[in-house]
Amino acid sequence: MRDRSEREQQPLWVEEAAARRRMPDPVRTAAVRAVLIMSLTLIQAMVAFLASVTGSWLAFPMVLSSVGSTVLATWSVLDVWVTRQVWNQRNGVVSVPSSSARRLRRERRRARRAARAAERDDARIGRRDASRRLSRA
């Protein structure tokens, strides 16, 4: 009786924080597509092999389509890689505090802020001079 109550109180599973971040949606979609295409290609290649071993008339068409499927599977894997690269370029990479990319962005941001502040100061000085000229006249 006591063993049963202890088992009922324990949760079925314990959720832990993910070790890595979730893949972006476009990359995950391309990866799922690639896995499906690759699995179908492997099945097709196996059927082509077995048809060749048995001497079936279906062997030659299956071998030809397996070659085409292999090209398609290679293309889909490259699509995952390209999609990942494009997503990283458009949305930025995840950087750690010691990352040089983050430091460079911070420096550029400071330089832009300083340039804008200098432009504002120059504009204010120009307005002051114009108002002084008007008051003197």
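Predicted model: local features only at pLDDT ≥ 70, side-chain atom pairs only at ≥ 80, totals over all residues.

Biologist: Which side chain does Arg33 meet in a salt bridge?

Modeller: The side chain of Arg33 meets that of Asp79 in a salt bridge, with a distance of 2.8 Å from N to O. Because Asp79 lies in helix H3 (residues 59-91) and Arg33 in helix H2, the pair ties together parts that are 46 residues apart in sequence. Asp79 is partly exposed too, with a relative accessible area of 24%.

Biologist: And why would two such side chains pair at all?

Modeller: In general, side chains of opposite charge can pair when their charged atoms come close.

Biologist: Okay, how many salt bridges does the structure hold?

Modeller: The structure holds three salt bridges. One of them joins the side chains of Asp25 and Arg28, at 2.2 Å from N to O. Asp25 and Arg28 are three residues apart in helix H2 (residues 25-54), so about one helical turn separates them. Arg28 has a relative accessibility of 23%, and therefore counts as partly exposed.

Biologist: What about Arg103, which side chain does that one meet?

Modeller: Arg103 forms a salt bridge with Glu107, at 3.6 Å from N to O. These two residues are four apart in helix H4, so they too are separated by about one helical turn. Arg103 counts as partly exposed at 43% relative accessibility, and Glu107 counts as partly exposed at 41%.

Biologist: Changing topic, where does positive charge gather on the surface?

Modeller: A patch of positive charge on the surface is formed by Arg105, Arg106, Arg108, Arg109, Arg110, Arg112, Arg113, Arg116 and Arg120. Taking Arg116 as an example, this residue is found in helix H4, which covers residues 100-136. With 47% relative accessibility, Arg116 counts as partly exposed.

Biologist: Stepping back, how many helices and strands are there?

Modeller: The secondary structure comes to four helices and zero strands, and reading along the sequence gives the pattern α-α-α-α.

Biologist: How much of the protein counts as buried?

Modeller: Of its 137 residues, 15% count as buried. The protein exposes about 12300 Å², and carbon and sulfur atoms supply 60% of that area.

Biologist: Last one: what share of the contacts joins residues at least 24 apart?

Modeller: If you take the contacts between residues at least 6 apart in sequence, 59% of them join residues at least 24 apart.

Notes:
Residues numbered from 1 in each chain as written. Heavy atoms only, no water. Patch = residues over 30% accessible without salt bridge, like charges linked within 9 Å, V, L, I, M, F, W, Y side chains within 5 Å. Areas by Shrake-Rupley, 256 points an atom, 1.4 Å probe, with all protein chains shown as cover. Salt bridge = Lys/Arg side-chain N within 4 Å of Asp/Glu carboxyl O. Lys, Arg positive; Asp, Glu negative; His and termini not counted. Charge placed at Lys NZ, Arg CZ, Asp CG, Glu CD. Buried < 20%, exposed > 50% of the residue type's maximum accessible area, 1.4 Å probe, protein only. Contact = heavy atoms within 4.5 Å.
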